[in-house]
Amino acid sequence: MNVNNRLQAGMLLLLFSVLGLVGYNVYLRETTPLERSYNAFLADLVQGNISKVHVQGHMLTAVDSSRNTFRTYVPEMAVLLPFLLDNDVAITGKELAPSSTSTFINLFVPVLFLAGLWLIFSSHGGGQSKKHTLPSRFIPSKNQRVMFADVAGVIEVIEEVEEVVAFLKNPEKFSRLGGRPPKGILLQGVPGTGKTLLAKAIAGEASVSFYSIGGSDFVEIFAGVGASRVRELFSEAKKNAPCIIFIDEIDAIGGRRSGGHSTGSSDEREQTLNALLVEMDGFSTGENVIVIAATNRPDILDPALLRPGRFDRQITLSLPDVKGRLRILEVHTKKIVIAPDLVLSAVARSIPGFSGADVANLVNEAALLAARHNKDAVEMADFEEAKDKIIMGLARKNVAISEKDRRQTAYHEAGHAIVGLLLTDTDPIHKITIIPRGRAMGLTQHIPLDERYTYSKQYLVNRIAILMGGRAAEQLVFNQFTSGASNDILHATEIATKLITEWGMSTEIGPVAYQYAANNFLGHGSQARPRSEMTAQRIDTEIHRVLETGAQEALMLLKKHNRFLHKLAEALLVNETLDAEEVDLVYRNYLRESELERQLRAREANGNTIIPPVLSHSPQPTEAAHEI
Ligand code: ADP
Ligand code: ZN
């Protein structure tokens, strides 16, 4: 229902209810007999003027000898009854119950009335109600200032937002140099990763006001309220600039607009979103208001929100790794007394998958438990107990990661990384992590050495082998495949297809474009060229061969360097995230040990039986050890 429809319907309902009430009263007056005093009635009764009465509760309707009907109120029916009988009055009666008409009127008129009022109010922005709800929602709070030091384990993210703080502190410096000041920042990440905390810290560091509102607060039952709230929020903020507006869960209003015919609620949402876009575009350079929005669903956001000049800066907050959790533990345990037996790094290791909020919650729970047990300090046992409680909650929400999944992911990612490391003509590793992000359980990031414009066949073939590395590692270690590799396979298949049908890199198929690229590398939207059944078959066979070769190569490399695979996976399980240097360290350790082992074997073969004490044995020594 749009605004005008609501208004009309509301007016009609009000009219009906008022008419109904007036009508009923007129009807009552017409049909209800006149009322007489009880005294007058009694006088008539003793004079024998009353022929019959009808009793209902305390109300008595009487007909007198001249056929007039009147009503009277009887204080005590039991007292009156003998008199009636004495005077031979015909008595009828009925149980005391409201008539169905009056029930209807009593029940429905107020409902109609309220519904009408509601519709009318909602059609023009909630009338007075918004005046009361708005300011309380976003009181700028300068007390309880949060600083960057309170946001632990996200140094890179803080570096990214430092510029914003600098701008808020000294906007003139920015505009003097003609720089475009930041306007909107989108923080993305699962709940509890510190998005709100970071936004508050930016305000705290810059010491500016902080306005906070939830995306869903805009989308109320009252039509048009969202849009007017947005306008009000911005005008309020501009008055108090410099300041920060924080919109949590922006996906509630910022979801993709439907474009076509829309239902009532999405109509309302679009109005709100449009109002937001208008306000953000309307900022002049002099207005030092920065809008920070948070979401867990960047994928469903309307692209209009992400355009330049709007939320053009996107920052991802991931779940913390071991080190991150340790930092967060350190921040939060500052406020409590901890026992000397408590090793925070051990706690950090024992809570994989915990978000920052979970860690904060853990510290709090542990402190409460210690207090309940009348302890002077929070001990490891309290943390253990609190941990079990929180993990149970996480398991219920299906976000706890099982140890089995972690191992699987660690080997999978290690597989990618090792294949990439051992092949030449590949991009160097940037980072490996088994911290889930989005739908991916883990991630192996490579950085291209330089911006590549063309790709050699060797590079592409290696990319396929790297992509197959995760699956190969799972096959080798667990002797099974999991669906975790589906995205890798899809990617590899895309590369193989282009290699053969677009880039003419297969001697078997030749330099024929069987597919036209609509975009460049790995872009979607290719067009197929008509081909014979036989060619189609040859292409399929060739794609299959290229992919299979990649898979075999990955498997072969991992078999050969089996011990490296175990070492890297173990390192991942302990640290969760490894950067390039740390991977290199594991690699060099592996090489050194392999070399020692090789020397040892050589000595044994020569009849020398002295065993160096420093040697550590891998769980399953393989042939790989001899070959390095
Ligand atoms: P989000 O907005 O991403 O859902 P919050 O910012 O509301 O998460 O985090 C909730 C609480 O969790 C914070 O108030 C803080 O106590 C704790 N927390 C989350 N991330 C961190 C972090 N990186 N450092 C310290 N505390 C954190
Ligand atoms: Zn993978």
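Select glycine 57 first: in the hairpin of β2 and β3, which has two residues between the strands, this glycine takes a positive phi near 65°. The model is predicted, so local features need pLDDT of at least 70 and side-chain atom pairs count only at pLDDT 80 or more, whereas totals for chains, interfaces and linings use all residues. Residues are numbered from 1 along each chain as its sequence is written, and side-chain values use heavy atoms, with hydrogens and water left out.

Next, select residues 50–56 and 59–64, which are strands β2 and β3; they run antiparallel and are joined by six bridges. Strands (E, at least two residues) and helices (H or I, at least four) are DSSP runs, numbered from the N terminus, and two strands pair if DSSP finds at least two bridges between them. Within this pair, histidine 54 stands opposite threonine 61 of β3.

Now move to the open sheet of three strands, ordered β12-β11-β15 with antiparallel pairing. Its edge strands, β12 (443–446) and β15 (577–579), each pair on one side only. Select β11 (residues 429–433) to find three bridges to β15; lysine 431 stands opposite aspartate 579 in β15.

Finally, select residues 562–575, helix α21, which lies across β11 and β15 and runs at about 115° to β15. Contact means heavy atoms within 4.5 Å; axes are lines fitted to C-alpha atoms, for helices over the stretch in contact, and angles run from 0 to 180 degrees between N-to-C directions.

Key. Chains lettered and ligands numbered in written order.
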